[in-house]
Amino acid sequence: QVQLVESGGGLVQAGGSLRLSCAASGRTFSGVVMGWFRQAPGDEREFVAAIDWRGVGTKYADPAKGRFTISRDNAENTVYLQMNSLKPEDTAMYYCAAGRRPFIRGTDGADFSSWGQGTQVTVSS
């Protein structure tokens, strides 16, 4: 129902920054939690960050705390992930996801119903 398209990935040196964007379309975007996940080769997909429908409540995975910031602009149907102080271990495919509820409950993949195609982030040292 909700279609998501990520952009903004790329190659950066350790310590650098990137801002990912996720453009959404569909009837339910403004009323649901949005999140970011990532997956590196050989690893399981892991939760990164989530934001509630109002753009007020947020939740971050431990590796993202203090370095990443999730935000959203419902008028523009866009969610962002600002990533600072990037580390090589942040290298992964990053996916945008739309949740099933207006407020953050769980952070498992099952709590999200729509997914983007992903954007690659590579951090060199």
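Which strand gives the largest share of the lining of the second largest cavity? Strand 5 (residues 46-51) does, with three residues. The model behind these views is predicted, with local features needing pLDDT of at least 70 and side-chain atom pairs pLDDT 80 or more, while totals for chains, interfaces and linings use all residues. Residues are numbered from 1 along each chain as its sequence is written, and side-chain values use heavy atoms, with hydrogens and water left out.

View 1. Strands here are DSSP runs of E, at least two residues long, numbered from the N terminus. A cavity is a set of points on a 1 Å grid over the protein atoms alone where a 1.4 Å probe fits but cannot get out, and lining residues have an atom within 4 Å of a point. This one holds about 40 Å³, counted as the space filled by probe spheres set on the points, which are joined across faces, edges and corners. Around it sit R38, E46, F47, V48, A61, P63, A64 and F68. That makes six nonpolar residues, no polar ones and two charged.

**View 2. The largest cavity.** The whole structure has two cavities of 30 Å³ or more, and the largest takes up about 80 Å³. Its lining is made of V33, G99, R100, R101, F103, I104, R105, G106, D111 and F112. Sorted by type, that's four nonpolar, two polar and four charged residues; Gly counts as polar in this scheme.

**View 3. The largest nonpolar core.** A nonpolar core is a set of buried Ala, Val, Leu, Ile, Met, Phe, Trp, Tyr and Cys residues joined through side-chain atoms within 4.5 Å, where buried means under 20% relative accessible area (1.4 Å probe, protein chains only). Of its 29 residues, M34, W36, L81, M83 and Y94 touch the most other members. Strands 3 (18-25), 4 (34-39), 5, 7 (68-73), 8 (78-83), 9 (92-99) and 11 (119-124) each give two or more residues to this core. Another core lies apart from it, with seven residues, including F37, F47, A61 and F112.

View 4. Strands 7 and 8 run antiparallel and share six bridges, and R72 stands opposite V79 in strand 8.

Note on methods. 1 Å grid on protein atoms, 1.4 Å probe; cavity = no way out; pocket = protein on both sides within 12 Å on 5 of 7 lines; lining within 4 Å. Helix = DSSP H or I, 4+ residues; strand = E, 2+ residues; numbered from the N terminus. Buried < 20%, exposed > 50% of the residue type's maximum accessible area, 1.4 Å probe, protein only. Pairing = 2+ DSSP bridges.
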